[in-house]
Amino acid sequence: MVHIDVTSLKLFVAVCEAGSIAHAAKRAHVAASAVSRRIADLEQRMGAPLLQRHQKGVTPTPAGERLLHHARAVLHGLDAMYAAVAVCLVAGVYLPITQN
């Protein structure tokens with residue numbers, strides 16, 4: 001199984017939506033070189049190029065389009081998970097954490 005961290009997924013989605021590593025980095029308040037490294041690491045982990053680099057920016061490759069679709073679903077699922085837990089905490093409905 002491939003390990004991919006949430007920050008890398010968020011940055012990948014941001015790059016695809018911005019059409020530029022530099023613009024996505026600026027919006028995320030991260031150095032463009034750091035975003036570029038994360039994208040390169042994702043490409044290495046996935047074993048496929050995810051972005052086509054052009055003079056005026058980037059576009060997702062077919063593999064990148066598939067990852068983008070799934071990354072958005074994963075990030076949406078994580079947001080829903082956090083919201084569900086937050087509702088329980090606000091309502092005072094929770095079970096104590098037990099150790100096995």
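Contact here means heavy atoms within 4.5 Å, the criterion by which packing is described in the legends below.

**Figure 1. Overall fold of the predicted model.** The chain comprises four helices and two strands, arranged along the sequence as α-α-α-β-β-α. Its C-alpha atoms occupy a box of roughly 55 × 30 × 20 Å along the principal axes. The radius of gyration is 17 Å, whereas a compact globule of 100 residues would have a value near 13 Å. Of the 100 residues, 29% count as buried. Among contacts with a separation of 6 or more, 51% join residues 24 or more positions apart.

**Figure 2. Helix α4 and its packing partners.** Helix α4 spans residues 62-91 and contains 30 residues. From first to last C-alpha the helix reaches 44 Å, close to the 44 Å expected at 1.5 Å a residue. Its buried residues are G64, L67, L68, A71, L75 and L78. An α-helix has 3.6 residues a turn, so residues three or four places apart point the same way. The buried residues of α4 pack against α1 (6-18), α3 and β2 (57-60). After α4 comes G92, with a positive phi near 75°.

Figure 3. Leaving aside residues up to four places away in sequence, E43 touches A48, P49, L50, L51 and R53. A polar atom of the E43 side chain lies 3.3 Å from the backbone nitrogen of L51. The C-alpha atoms of E43 and C88, 45 residues apart along the chain, are separated by 38 Å.

Key:
Residues numbered from 1 in each chain as written. Predicted model: local features only at pLDDT ≥ 70, side-chain atom pairs only at ≥ 80, totals over all residues. Heavy atoms only, no water. Polar contact = N/O pair within 3.5 Å; in protein donor to acceptor, adjacent residues only side chain to side chain. Expected span 1.5 Å × (residues − 1). Buried < 20%, exposed > 50% of the residue type's maximum accessible area, 1.4 Å probe, protein only. Rg over C-alpha atoms; globule rule 2.2 N^0.38 Å.
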